[in-house]
Amino acid sequence: MKAAVILFPGSNRDRDVRMALAASTGRDPLVVWHKERDFPEVDLIVIPGGFSYGDYLRSGAMAAHSPVMREVASRTNKGVPVLGICNGFQILTETGLLPGALMPNASLKFVCRDVHLRVETSQSLFTNRYQAGQTIRAPVAHHAGNYFADDATLDALEEEGLVAFRYCTPDGVANEASNPNGSARNIAGIFNRTKTVLGLMPHPENAVDPLLGSADGNPLFDGLVEALS
Amino acid sequence: MKARVHITLKEGVLDPQGKAIRGALSALGFKGVNQVRQGKYLELDLEESDRARAREIVEAMCAKLLANTVIEDYSIEIAE
């Protein structure tokens, strides 16, 4: 499986996700600079975490209009899978490739800690190595991870099975206490309609080794390799 | 031609910053503030000299970049 990691000025988890991808795929992913209008064909595009363009205007707003994102949008429409992590999720909502918006955390504080996530479905490229209802552990590190969408959009996401992950307690209960940022319905990650795009705030690439406190992110990368090779 | 753009959170979208400001005002003794909503203000200096066209251009800028219409409303004022 060939993957590309998109690099913006201000990206800062690009190396982390490159290492995670290299460990799962056995080769280094291609790194694509934000000014590129074209890049070789790949099986997966990853938009990493960070603070692209210094979060000016809104998180992800500037990156959404960068030259490379036009190409990413065009490939998304052709069905190329895209994984957006943290700032990558924000960029995907700003481009309109995923519905809703990521607002400043309800606490107004930067949240940097491990959280528990409930895997809502195993029926996707990204979650096929998990079981629906399984609880996993991964870190979050963000200031604007508060997922918002109007009720009609939220209902549609739920009805169509497009919620990928929810913040939950260690035993899998999605409640207010386990919600680190005020996200609507504890949503931590969502798919697009065709489930070829996943955006999530937590960092699976920082949960790939017991030394990091969790290896629960590995099945996401290994599952992608299995599905896309 | 100058344009002034106000960007505000849509009604119904929670504004934790506005809430914190209201709390701080209250702590300073400014009582009786029912609600604070925080927004953004932008001033644009445009080459366009036709008012209607200037509004059209700024409208497009707001829809495309300046505001996120999922969560924000905007209003435009065109000044000489």
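**Reading strands and core in a predicted model**

Q: How many bridges join strand E6 and strand E7 of chain A, and in which sense do they pair?

A: This is a predicted model. In chain A, strand E6 (residues 111-119) and strand E7 (residues 135-142) pair in the antiparallel sense, over eight bridges. One residue pair shows this: A:Arg118 in E6 has A:Thr135 in E7(A) as its bridge partner.

Q: With which strand does E6(A) pair over four bridges?

A: That strand is E9 of chain A (residues 163-168), and the sense is antiparallel. Here A:His116 stands opposite A:Cys168 of E9(A). Chain A has 11 strands and five helices.

Q: Where do the side chains of a strand point?

A: In a regular strand they alternate between the two faces of the sheet.

Q: Which residues have the most contacts inside the largest nonpolar core?

A: A nonpolar core joins buried residues such as Ala, Val, Leu and Ile. The largest one has 69 residues, and A:Ile6, A:Val46, A:Leu117, A:Ala164, A:Ile190 and A:Leu200 have the most contacts inside it. Beyond its neighbours within four places in sequence, A:Leu117 is in contact with residues including A:Thr135, A:Phe165, A:Cys168, A:Ala188 and A:Pro202. A second, separate core has seven residues, among them B:Ala3, B:Ala54, B:Val58 and B:Tyr74.

Q: What does the radius of gyration say about chain A?

A: The value can be compared with that of a compact globule: for 229 residues this would be near 17 Å, and the 16 Å of chain A agrees. The C-alpha trace spans about 45 × 35 × 35 Å along its principal axes. Of the 229 residues in chain A, 52% count as buried.

Terms used
Residues are numbered from 1 along each chain as its sequence is written. Chains are lettered from A and ligands numbered from 1 in the order in which they are written. This is a predicted model: local features need pLDDT of at least 70, side-chain atom pairs count only at pLDDT 80 or more; totals for chains, interfaces and linings use all residues. A residue is buried if 20 or more other C-beta atoms lie within 10 Å of its own, exposed if 12 or fewer, and partly exposed in between; C-beta atoms are placed from the backbone. Two residues are in contact if their C-beta atoms, placed from the backbone, lie within 7 Å. Two strands pair if DSSP finds at least two bridges between them. Helices (H or I, at least four residues) and strands (E, at least two) are DSSP runs, numbered from the N terminus. The radius of gyration is taken over C-alpha atoms; the globule rule is 2.2 Å times the number of residues to the power 0.38.
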